[in-house]
Amino acid sequence: KIKVKAMAEDRPTTTANVSPIDAVDEARKLWLSAEFTSDLKTVERLYRGALSSSKSRARTNTSTNNIGKNESDHPNDKDDDDDDSDDNGNRVKKKPRLHSNLKKSEYKKASEKLALLMCQSGRAKKAKDRLSKLGFKCRLSRSVLDYDEEQYDDADDNDADGNESNKKNKIKKRKPGTTSNADDDADADKNGNKDGSSCPCYILDNYLNQHEIQHLRSVFQSLSANYWVHHNYNIEPPSPYFSYILPLSESSASNKYGFIGKLIHNIYKNKHINSKFPRLKDATQVEMWAHNRPHASGHQLHFDSDDEGRGGVRNPIISTILYITAGCGGPSLVTNQKLTDPHLASKGWLSFPKNERLIAFDGRYLHGVIPGKGVKSGRRVTLMFAFWPEIRIRHGDEPGSARPFPSQKYRNKNHSSRSSEKAVEEWAQKLVLNAPEISQSPSSPDADKTADNNQNSSSSSSSYTETNPIEIDRVYESLGGKCWSKSNGLPEYDAVFQGF
C-alpha cells in the first residue's frame, strides 16, 4: 500500500495507507473537485505513487512517504519498464498489470491521466516517453491541451451572474453580417465548407438576455436540479446518453413548447446563422440535450450522429451550444475533419465558455470539449440543439436517445400520480412555460431579482455580437511536438492521445 502524507499547503487530510487503485480513485476525485493549485500537486503524487508503488517496495523495501520520487520524467528513465527473468535466465519485461498491483486497463488509465496533467502544465515533452509506451502515435497539440489562459480570460468578460467585469476583451468582435476571414470560401458547398479551409463554426455573444439566461440556469445550473436527478446524470463513469426531440413546425407555429420552443425558433430563423449555414432551412426537427461538468472534465472528440451512430453515422445539419455558465471548464474544439477524411484535422477553432454565448457549427465535423486546465470553481453547464432534416423519435420508459419531448402529456398535472412522471413534469414544465410566468411566480426565490433584471434586459434577437473563434493551425502533434501533417496518415483512433 501507498503511504500518503499531506503537505502543509494541501487540503487538510490525515496520513493514511491506501492501495494503488484507491490512490488512483482518490486522485481523480480530488482533481475534479480541486480548489487550490496544491491540490493538483497532490493529484500528481497520488498517480505517481500508484504507478510506482510495487517497484519501490520490491527494490527498496522501504516506506513511500514521498510519493513520486521513484518515478522520473527523464526520457532515459526506465521506471515504467520493470524487468524479470524467464526460465532460461533471459531478461524479460513485466506486463503493466504487474507494475503496481493495478490491472492493465487501470494502469493505462492512470498513466494517461498523469500524462494529461503534464501536457497541461508545460511538460508535454516529458510525457513523450510515457505516451509512447502506452501505444500512442500522436497527441492533441500544445495549443489545444495547454491552451492559452489569457484567451480564456478574454472570453470570460462576465461574472457568474452575467455582469460585466473589468477585463478587456481582446477577442475580435463585429456586427453580425459583416465579412470575416472565414467567410466566402470559393470552394464552399451549401453549408459553407467543402474542403475544410473555411471556418465551420459561428459564434454570437450576448445571444441571451439576463432574463433568459437566469431562466435556463433555474433548470440546468444546479447539479441537484430535477433535470439531472431524474436522468441519473453522472460524469465519471458517464451516464447513458439521453436527448429529446422537438418538431420545428410545432415549436414555431404554436405555443405548445413555450419558452424552449421560442428559443429554438429564434435560432432556426436567425438570418446570420442561416447565411452561414444555408441548409438550416431544410431542418424539420431539433434534438436537445445538456451537460453539467466540473472544470477538469472533457468530452472526447466525436461526430454528432443519430442515436450515437448505431446503424450508421448520420450527421445533423448544424449543432449549437449555449453556454449557461462561464469561468469554468475547457474550451469547445471544432475541427475541419470529417468522417470520410483520410487524414487528421489540419485546423481547429476554440470557443471558450462565456455567459450567453451561442456557437453553431456544421454537424459533419469532428469536435469535443477540452478538459479544463489548472483550477477553477463552478460547473461548465451547456445546452445543445442539433437541427435535423429528419430524425426518428424513439419511445421508451427510460431516458435514452431521441425521446419525444414531454410537453402536453406532462403539462396535465392530473395525468398520473407516478413519481417518475411527476419528476419529468418538473423540469419539462419549467422549459415549456413562458419565462415571465417563472420569473414572476411567488414560489421562485429569485422572482423579484429576475423581474428587475428583465426590465433592463434587451431582446436576444437584437443585442448579440459576432465573435471570431480562436483558430488553431496545429490540432495534432507527434509525441515529440512536431506538427502531424497529412503525409503522416490517419492513425487508429486509440493511437491519438486526447487526454480523456
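In which loop does Asn-232 lie? Asn-232 is found in the loop between H8 and E8. The model is a predicted one, in which local features need pLDDT of at least 70, side-chain atom pairs count only at pLDDT 80 or more, and totals for chains, interfaces and linings use all residues. Residues are numbered from 1 along each chain as its sequence is written, and side-chain values use heavy atoms, with hydrogens and water left out.

Helices (H or I, at least four residues) and strands (E, at least two) are DSSP runs, numbered from the N terminus. The peptide bond from Glu-236 to Pro-237 is cis. Its omega is near -5°. Asn-232 has a positive phi, near 50°, although the residue is not glycine. With a relative accessibility of 62%, Asn-232 counts as exposed. The accessibility classes are buried (under 20% relative accessible area), exposed (over 50%) and partly exposed (in between), with a 1.4 Å probe and protein chains only.

A positive phi is also found at Glu-356, a residue other than glycine, with a value near 65°. Glu-356 lies in the loop between strand E13 (348-351) and strand E14 (358-362). Glu-356 counts as buried, at 5% relative accessibility.

Strand E13 belongs to an open sheet of five strands. The order is E10-E15-E12-E13-E19, and the pairing is antiparallel. Strand E10 (299-302) and strand E19 (470-472) are the edge strands, each pairing on one side only. From one strand to the next, the twist averages 20°. Two strands pair if DSSP finds at least two bridges between them. Four bridges link strand E12 (residues 332-338) with strand E15 (residues 365-369) in the antiparallel sense. Lys-338 stands opposite Tyr-365 of E15. Strands of a sheet pair through backbone hydrogen bonds, either parallel or antiparallel.

A three-stranded open sheet has the order E20-E5-E21 and mixed pairing. Strand E20 (476-478) and strand E21 (496-497) stand at its edges, each with a single partner strand, so one side of each lacks a neighbour in the sheet. Strand E5 (residues 138-140) runs parallel to E21, and two bridges join them. Cys-138 has Val-496 of E21 as its bridge partner.

Cysteines were also examined for disulfides, defined as pairs of cysteine sulfur atoms within 2.5 Å. The search of the whole structure finds zero. Cys-328 is buried, with a relative accessible area of 1%. Cys-483 is partly exposed, with a relative accessible area of 40%.

Helix H1 (residues 20-32) packs with helix H3 (residues 104-119) at an angle of about 35°. Their axes are 11 Å apart. Axes are lines fitted to C-alpha atoms, for helices over the stretch in contact, and angles run from 0 to 180 degrees between N-to-C directions. The crossing of H1 and H3 is left-handed. That term applies if the near helix is turned anticlockwise from the far one by less than a right angle; clockwise gives right-handed. From H1, Ile-21, Val-24, Arg-28 and Trp-31 meet Glu-106, Ala-110, Lys-113, Leu-116 and Leu-117 of H3. Contact here means heavy atoms within 4.5 Å. The residues of this contact divide into six nonpolar, no polar and three charged. Ala, Val, Leu, Ile, Met, Phe, Trp, Tyr, Cys and Pro count as nonpolar, Asp, Glu, Lys and Arg as charged, and the others, Gly among them, as polar.
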